[in-house]
Amino acid sequence: MKDNMTPLTDVLDFIVDNRGKTVPTSDSGIPLIATNCIKHSSIYPTFDNVRYVNDETMKTWFRAHPKPNDIIFVNKGTPGRVCLVPDAVGFCFAQDMMGFRCDPKKIDYQYLFAVLRSNFIQQKIENFHVGLVIPHFKKGDLGHIKIPRLSSRQLELAVGKLYIKLSKKIELNNQINVELEAMAKTLYDYWFVQFDFPDANSKPYKSSGGKMVYNEVLKRDIPEGWENGSLDDIGQVVGGSTPSTSERNNFADIATPWITPNDLSKNQGNKFISRGAQDVTADGIKSASLKTYPTGTVLLSSRAPIGYMAIAQNPLTTNQGFKSFIPNKGYSTEFVYYSVRNSLKTIEQYSSGSTFKEISGSVLKTVKTILPESKIVDDYTATVADTFARQNNLELENQQLSSLRDWLLPMLMNGQVTVSQ
DNA sequence: AGTAAACAGACAAACCCTTG
DNA sequence: CAAGGGTTTGTCTGTTTACT
């Protein structure tokens, strides 16, 4: 790395620091973010499990508040995670993190932000962890974090801006995906919940007076010709398993993809999955009598967090935390996906267990659902197939963008690659 | 034998206390 | 009172045990 380094503390103007004391919260008011809101999947803090403080607390309790373009630095739990403070701040923060305010005469916040997120600095930070119980980064060690400097401030700024631009493109793709998802879901609801699928004259069926028949099992009117059924009717329900983890031969980096709920929680937001953290070998498959599921299988986590869903992008298998639907009963992946999603509330209600909730395969199979005429299902599939393909492409593009970003950053930092300004 | 539930450990986050 | 540390709480998940 560069020989030209500046201690982190030398480029900062101020540090927002509210560590060590507990904020009184209230039911509403100004959002109070905690360390779980600082994630590298987002440039800005997210508002997960956010709590609130009232005006009075906001004004009097804190030592300081973050300002736009401050860099929030987590120093407890998983020290080193950083996010930027957006232009409209809209939140305050308390313990276990600090806010770095850059001295604009000395460094651009964009560059410092990119550097702090680099593996190079993340590893340095890890080396300073203290605490026997909880990893902890001491404020006093900030001066030991050395920031590599480039030949000019202009170059640094360009690097920082490039990093942020790539990150923003990734987040934009994610937003597009959220909207595509809403569209496909809305269409499902419109066709199969409200029954306003296009009739023979391309008019919405129910609203245009399409014939409805009372169904005893579902206890409501459904379009004539449709039937009641259960989730067992729309796909083959299969459960995964875990080979003995003490037997090293059961696992490998590249073999048959094997998905655990943990892979989906890390993958959050992604609709398609190709592989998890570990693959299982032929030995592992044999010892746990695992079955491989085909592309297009709909995965549903069935333990602890019930309801993580994903679609197999290639043949794979899962651990025991999943029940999956192989779409081999005449209903498409697209239809199965939303039928299951639409049943999640019931599935959660049917789950049992004292330590944590779990839905068993046999109970899952009994969850009632509607079985439309196959032509309507086919039409739906044809309509949303393109949306699914676009979502998949955007997810793949994001994987490429983030690996590009993470590959490029160290090259830029050590001068192997340069940016035209 | 295969599936479901319980157990227990790991981990992370939120919170609180002590010390200089 | 700031800063550094631990305690508590809660969640997640692989493994074991129990039950068809």
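Visitor: Which elements are included in what covers the buried residues of helix H3 (119–127)?
Guide: In this predicted model, the residues concerned are Phe120, Ile121, Gln122 and Ile125, which are buried in H3. An α-helix has 3.6 residues a turn, so residues three or four places apart point the same way. What covers the buried residues of H3 includes strand E1 (5–7), E5, H2, strand E9 (146–148) and H11.

Visitor: Is Ser118 buried or exposed?
Guide: Ser118 is found in the loop between helix H2 (109–117) and helix H3 (119–127). A residue is classed as buried under 20% relative accessible area. Because Ser118 has a relative accessibility of 5%, Ser118 counts as buried.

Visitor: Which backbone oxygen does the side chain of Ser118 reach?
Guide: Not counting residues up to four places away in sequence, Ser118 touches Leu409 and Met413. The side chain of Ser118 also reaches a backbone oxygen at 2.6 Å, and that oxygen belongs to Val115.

Visitor: How does Asn69 count by accessibility: buried, partly exposed or exposed?
Guide: Asn69 has its place in the loop between helix H1 (55–60) and strand E5 (71–74). Buried residues lie under 20% and exposed residues over 50% relative accessible area. The relative accessibility of Asn69 is 25%, and therefore Asn69 counts as partly exposed.

Visitor: With which side chain does the side chain of Asn69 make a polar contact?
Guide: Leaving aside residues up to four places away in sequence, Asn69 touches Leu84, Val85, Asp87 and Tyr109. Asn69 and Val85 are 16 residues apart in sequence, yet 5.0 Å apart in space from C-alpha to C-alpha. The polar contact made by the side chain of Asn69, at 3.4 Å, is with the side chain of Tyr109.

Visitor: Near what value is phi of Lys219?
Guide: Asn69 has a positive phi, near 75°, although the residue is not glycine. Lys219, in the loop between strand E10 (212–215) and strand E11 (220–223), also has a positive phi in a residue other than glycine. For Lys219, phi is near 55°.

Visitor: Is Lys219 buried or exposed?
Guide: The cut-off for an exposed residue is over 50% relative accessible area. Because the relative accessibility of Lys219 is 62%, Lys219 counts as exposed.

Visitor: Which element gives the most to the lining of the second largest pocket?
Guide: The second largest pocket holds about 240 Å³ of space. Two or more lining residues come from each of helix H4 (153–192), helix H8 (333–342), helix H9 (344–350) and strand E22 (368–371). The element that gives the most, with three residues, is E22.

Visitor: Which residues lie nearest the centre of the second largest pocket?
Guide: The lining of this pocket divides into six nonpolar, five polar and two charged residues. Among the 13 lining residues, those nearest the centre are Arg220, Asn342, Ser343, Lys368 and Thr369.

Visitor: What volume does the largest cavity have?
Guide: The structure holds one cavity of 30 Å³ or more. The volume of the largest cavity is about 40 Å³.

Visitor: Which helices each supply at least two residues of the lining of the largest cavity?
Guide: The largest cavity is lined by Val159, Leu162, Tyr163, Leu166, Arg405, Leu408, Leu409 and Leu412. By class, seven lining residues are nonpolar, none is polar and one is charged. The helices that each supply at least two of the lining residues are H4 and helix H11 (374–413).

Visitor: How far apart do the C-alpha centres of domain 1 and domain 2 lie?
Guide: The domain assignment of chain A gives domain 1 as 5–149 and domain 2 as 177–396. Taken along the principal axes, the C-alpha atoms of the chain fill a box of roughly 75 × 55 × 50 Å. The C-alpha centres of the two domains are separated by 39 Å.

Visitor: In chain A, what share of the contacts with a separation of 6 or more joins residues 24 or more positions apart?
Guide: Chain A contains eleven helices and 22 strands. Of its 421 residues, 48% count as buried. Among contacts with a separation of 6 or more, the share from residues 24 or more positions apart is 73%.

Methods. Residues are numbered from 1 along each chain as its sequence is written. Chains are lettered from A and ligands numbered from 1 in the order in which they are written. This is a predicted model: local features need pLDDT of at least 70, side-chain atom pairs count only at pLDDT 80 or more; totals for chains, interfaces and linings use all residues. Side-chain values use heavy atoms; hydrogens and water are left out. On a 1 Å grid over the protein atoms alone, a cavity is a set of points where a 1.4 Å probe fits but cannot get out, and a pocket is an open set with protein on both sides within 12 Å along at least five of seven lines; lining residues have an atom within 4 Å of a point. Grid points are joined across faces, edges and corners, and a volume is the space filled by probe spheres set on the points. Helices (H or I, at least four residues) and strands (E, at least two) are DSSP runs, numbered from the N terminus. Ala, Val, Leu, Ile, Met, Phe, Trp, Tyr, Cys and Pro count as nonpolar, Asp, Glu, Lys and Arg as charged, and the others, Gly among them, as polar. Domain bounds come from an automatic or database domain assignment. Buried means under 20% relative accessible area, exposed over 50%, partly exposed in between (1.4 Å probe, protein chains only). A polar contact is a pair of N or O atoms within 3.5 Å; within protein, one must be able to donate a hydrogen and the other to accept it, and residues adjacent in sequence count only if both atoms are side-chain atoms. Contact means heavy atoms within 4.5 Å.
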